[in-house]
Amino acid sequence: MARIWAGTDIGKTHHHCVVLDAEGRRLLSRRVLNDEPELLALLADVLALDEDVVWAVDVADGMAALWINIVLAHGQQLVYIPGLAVNRASAGYRGGGKTDAKDAAVIADQARMRRDLTVLRPDEEHAVELRILTGRRADLSADRTRRINRLRGQLASIFPALERILDLGNLGPLILLTGYQTPAALRRTGRSRLATWLRNRKVRGAEALAQAAVEAAERQHTTVPGEKIAAQVVHTLAKEVMGLGEQIAGIDKLVAARFREHRLAEVIASMPGIGPLLGAEFLAATAG
């Protein structure tokens, strides 16, 4: 049974640590820089109060990584209480408003009273790499979705018939938009030459895509204001979406390779519906 509890409210540049005893009395309250010398000094000062400590944090990765690894490297017991649980619990404590010191005290007190908190352990290097890669992939996917939405909006403003028929999640329509963005340009090119242009760029179903694009162009003969600049923006956005798709494909290869090297990969992949990406996310979420 621990004799003191040290709760740390995690911040980007600074953390705040509060230490409580078994009666809930505050023994220490300190704001520290998220820097190794400062954190080591805090660790030493808390251990000087009592060596039987349970440490608690409200963030389990990212900006808390240095502090977590320092605590674990010194053989300390560390538990995790989610930030949402801290926010809900803080309503039951005296004092209005939200401060780092109050949150740190709530974290420490929750660690003192609860026995259902997750115990953190040192991460496997493999799991950390998968967490970084899957996090990066999620960011790229979100960026790609945002750009596709912008591309749809911009194309619909000048050529709604074409926007309606294109599946911009596929590569072929994006390649089409890098060369042709307006009804007049498609009509001048014609179906046959457009199909050849698409085939030369290895677009699947080039003939069907060319036919659909030219038919859309035949339904619009009105030039809207700002069409020239909007067409340039459509071209740029299509290129950006393609570039993001290439980056995601590259990340997918890295994720699959690193996942297959993990000792549990064969077992995880044997479960129905779990491939390298989902398996990698599972390993990242569970620290391996």
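Strands E1 (residues 4-9) and E2 run antiparallel and are joined by six bridges. Strands here are DSSP runs of at least two residues, helices (H or I) are runs of at least four, and both are numbered from the N terminus; two strands count as paired if DSSP finds at least two bridges between them. This is a predicted model, with local features needing pLDDT of at least 70, side-chain atom pairs counting only at pLDDT 80 or more, and totals for chains, interfaces and linings using all residues. Residues are numbered from 1 along each chain as its sequence is written, and side-chain values use heavy atoms, leaving out hydrogens and water.

Four residues separate E1 from E2 in a hairpin, and Thr8 sits opposite Cys17 of E2. On to E3 (residues 26-33): seven bridges tie this strand to E2, again antiparallel, with Val19 partnered by Leu28. This hairpin also has four residues between its strands, and Gly24 in the turn shows a positive phi of about 85°. As for E2 (residues 14-21), seven of its eight residues are buried, meaning under 20% relative accessible area with a 1.4 Å probe, protein chains only (exposed is over 50%, partly exposed in between).

Then there is the largest nonpolar core, with 34 residues. Such a core is a set of buried Ala, Val, Leu, Ile, Met, Phe, Trp, Tyr and Cys residues joined through side-chain atoms within 4.5 Å. Phe159 and Leu177 are among the members touching the most others. Helix H9 (206-218) is one of the helices supplying at least two residues, and gives the largest share, seven. Another core, of 23 residues, lies apart and includes Cys17 and Val19.
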